[in-house]
Amino acid sequence: MNLFCVGLSHHTANVETRELFAGHSGTDCVLRDSGCSEALVLSTCNRVEVYAASSTRVPTEAVARCLARGPEKEVIRDASAFYRYEGSECAQHLFRVAAGIDSMVVGETEILGQAKRAYESARTSGAAGRFLHRLFQRAFRVAKQVRTHTEITRGSVSVGSVAVDLAQKIFGDLTGRKVLVIGAGETSERTARALVARGVTDLRVSNRSAERAEELVRSVGGQAIPFQLWTEQCGEVDILITSTSSDTPLLTPQLLEPVLRERIDRPLFVIDIAVPRDVDPHVNDFDGVYLYDIDSLQSVAEQSLALRRQQIMAAEEIIAAHVADFRDTLDRSFSRGSQGAEHSSLGEPRLRAS
Amino acid sequence: MDRHLVTISTLCFLAAIVRTLVELRAGMFRPARFNFFAIAAGFLLQTAFLSLRGHALERCPLTNLFEVLVFFAWSVALIYMLIGPTYRLSLMGAFTAPVIFLIQTLALIAPIDIRHIQKLPANSWLEFHASMSMIAYGAFALACIAGIMYLLQERQLKTHQLHSIFYHLPPLDTLYAAITRLLWWGFALYTLGLVSGFFVGHPLPHVQVICAFGVWILYAAILQGKHLRRLAPKRVAALCIIGFSAALTLLWGITFTAQMHSPP
């Protein structure tokens with residue numbers, strides 16, 4: 001029995017090429033036309049992969065044809081973008097994919113859920129048998145172990161979640177914290193939503209257009225504050241998000257200094273996502289004020305990503321140990337499989353999704 | 001013989017340090033139970049030492065600099081055990097082990113375990129005064145550690161340079177709450193120790209009394225400044241480090257001069 005993987009991803013193909021193969025399940029075709037006994041299609045926005053088991057070698061082009069959505073000519077041209085892994089290399093690749101090492105954003109966990117759903121779908125339809133069952137169950141175990149024993153998922157890598165993470169590193173629990181949003185733009189709305197999702201209940205929105213402020217309040221919650229009154233809120237709030245289209249800074253050291261005297265023991269987290277900036281950078285010089293503009297948030301996201309990348313080696317070690325062990329299991333299984341006709345104990349194992 | 005207990009206890013703290021360093025170096029520190037159990041084991045051995053030494057001396061074992069240092073290390077471990085989960089289940093606990101390790105290593109290496117030929121008479125007020133003061137020093141030591149952690153975290157947040165340790169340090173608010181709690185504990189115990197000093201039955205050296213009051217006034221000023229909102233949390237954290245340095249100098253001065261002037 002030959003266990004293999006054929007696929008393409010953001011590493012080997014651009015989005016135009018990936019579009020030609022993504023979005024539909026070619027499992028039936030792979031099973032029917034290419035002679036595989038087991039097959040599973042993992043299709044995400046960044047990769048399309050077929051994991052299969054067959055007794056004879058199945059050409060990569062045959063699998064590519066099954067996945068193709070466009071004309072065959074284009075498929076044959078683009079089949080060069082496909083990679084192929086056999087046996088233990090196939091296992092290693094899947095373990096890396098499930099652990100998030102092969103992802104565009106290293107350490108992202110969404111891929112594990114997608115792999116679980118793909119496996120569950122193949123298992124339900126009967127396309128995944130005992131070999132893929134073992135392979136994927138092991139991959140899920142590996143992913144969990146990598147997540148537990150390394151810091152590959154540490155830190156946030158998007159601007160919105162970085163802001164929320166920083167808020168939690170300043171205030172701890174966000175429940176009961178007061179947030180003022182100045183300028184009801186799309187990014188500030190997303191950040192406000194993320195904060196509300198983490199327990200913020202007191203949200204105040206101030207915008208030049210009162211209607212837009214009301215609209216945001218209706219969808220996220222909180223209360224609208226007339227734009228001319230937002231400065232009065234600075235003494236009370238813990239987190240200030242600004243994203244107006246003002247040409248000059250709204251929040252200056254001169255404006256903030258008297259306010260800070262009254263709140264010396266309470267930190268103020270200022271998130272300035274406007275370009276040009278709404279907050280004078282010198283505001284960050286005050287004790288207890290933590291100012292992050294769009295560049296600094298982006299820089300933190302990149303630092304998190306760099307930290308994650310440092311963890312790849314540790315993750316690879318875990319994966320290597322599992323690959324070696326899985327190879328032994330597979331060898332034993334194949335040797336028993338060759339005597340399958342004589343041994344009834346090789347009946348279909350009970351399959352379950354983890 | 002009882003010194004072996006201190007040695008093994010020191011090794012327990014060393015084990016906690018080594019594990020933390022290895023994990024931090026690999027960039028994958030996990031607030032595990034190992035540190036807590038290593039410190040707990042070290043604490044039990046310290047307690048056993050103090051108990052054995054106390055029975056042998058028939059008084060609180062604070063008769064020489066070695067005993068004072070071990071008692072001080074024990075106080076730090078005691079406060080660490082009492083302070084609650086915020087301390088134990090984070091990097092905060094890992095910061096405590098090196099402090100205790102350093103104190104005990106110094107105690108073991110230096111030739112300061114000088115036994116008195118004649119048994120010193122027991123004085124319950126003096127022992128109460130000394131032990132309360134030592135436990136207060138333990139609280140001040142942990143407030144100092146929390147202060148260092150606060151400044152580390154604050155610096156990273158200010159400069160936008162977040163290192164691996166950032167993700168393991170508690171939030172600023174949690175650290176500040178811990179500092180406040182430790183300051184109040186330390187101050188209350190120190191006040192008890194200071195007041196009980198007036199009942200020891202013989203006058204204490206003036207310099208010691210003045211310095212002790214100096215430390216008391218410093219911590220009172222920190223708490224007052226905090227209470228009246230005159231001090232920013234960053235300043236409180238920095239003052240915790242300064243205050244503890246002053247207290248430590250005083251402790252060293254007291255025990256050193258006491259040892260110099262005590263009968264052989």
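Contact is taken here to mean heavy atoms within 4.5 Å. With that in hand, among contacts in chain B between residues at least 6 apart in sequence, 80% join residues at least 24 apart. The model is predicted, so to speak plainly about its limits: local features need pLDDT of at least 70, side-chain atom pairs count only at pLDDT 80 or more, and totals for chains, interfaces and linings use all residues. Residues are numbered from 1 along each chain as its sequence is written, chains are lettered from A in the order in which they are written, and side-chain values use heavy atoms, with hydrogens and water left out.

Chain B has nine helices and zero strands, where helices (H or I, at least four residues) and strands (E, at least two) are DSSP runs numbered from the N terminus. Read along the sequence, its pattern is α-α-α-α-α-α-α-α-α. Of the 264 residues of chain B, 53% count as buried; buried means under 20% relative accessible area, exposed over 50%, and partly exposed in between, with a 1.4 Å probe and protein chains only.

Turning to the interface, the contact takes 35 residues from chain A and 29 residues from chain B. The area buried between the two chains is about 2,600 Å², with carbon and sulfur atoms giving 48% of it; buried area is the accessible area (1.4 Å probe) that two parts lose on being put together, summed over both. On the chain B side, B:Lys158, B:His160 and B:Tyr167 lose the most area to chain A, together 27% of what that side buries. Between chain B and chain A there are 15 residue pairs in polar contact, both residues being at pLDDT 80 or more. A polar contact is a pair of N or O atoms within 3.5 Å; within protein, one must be able to donate a hydrogen and the other to accept it, and residues adjacent in sequence count only if both atoms are side-chain atoms. Helices α6 (124-159), α7 (172-196) and α9 (233-261) of chain B each supply at least two residues of the side that touches chain A, and the largest share, six residues, comes from α6(B).

B:Lys234 pairs with A:Asp287, the closest N and O atoms being 3.7 Å apart. This pair joins two chains, because B:Lys234 lies in helix α9 of chain B and A:Asp287 in the loop between β9 (268-272) and β10 (289-293) of chain A. B:Arg235 also forms a salt bridge with A:Asp287, at 3.1 Å between the closest N and O atoms. B:Arg229 forms a salt bridge with A:Asp265, at 3.4 Å. Within chain B, B:Glu67 and B:Arg53 form a salt bridge at 2.6 Å, and both residues are buried.

Finally, the cysteines. A search of the whole structure finds zero disulfides over all chains, a disulfide being a pair of cysteine sulfur atoms within 2.5 Å. For A:Cys5, the nearest cysteine sulfur, that of A:Cys90, is 5.2 Å away. The sulfur of B:Cys240 is too far for a bond, because the closest cysteine sulfur, in B:Cys144, is 7.6 Å from it.

Note on methods. Salt bridge = Lys/Arg side-chain N within 4 Å of Asp/Glu carboxyl O.
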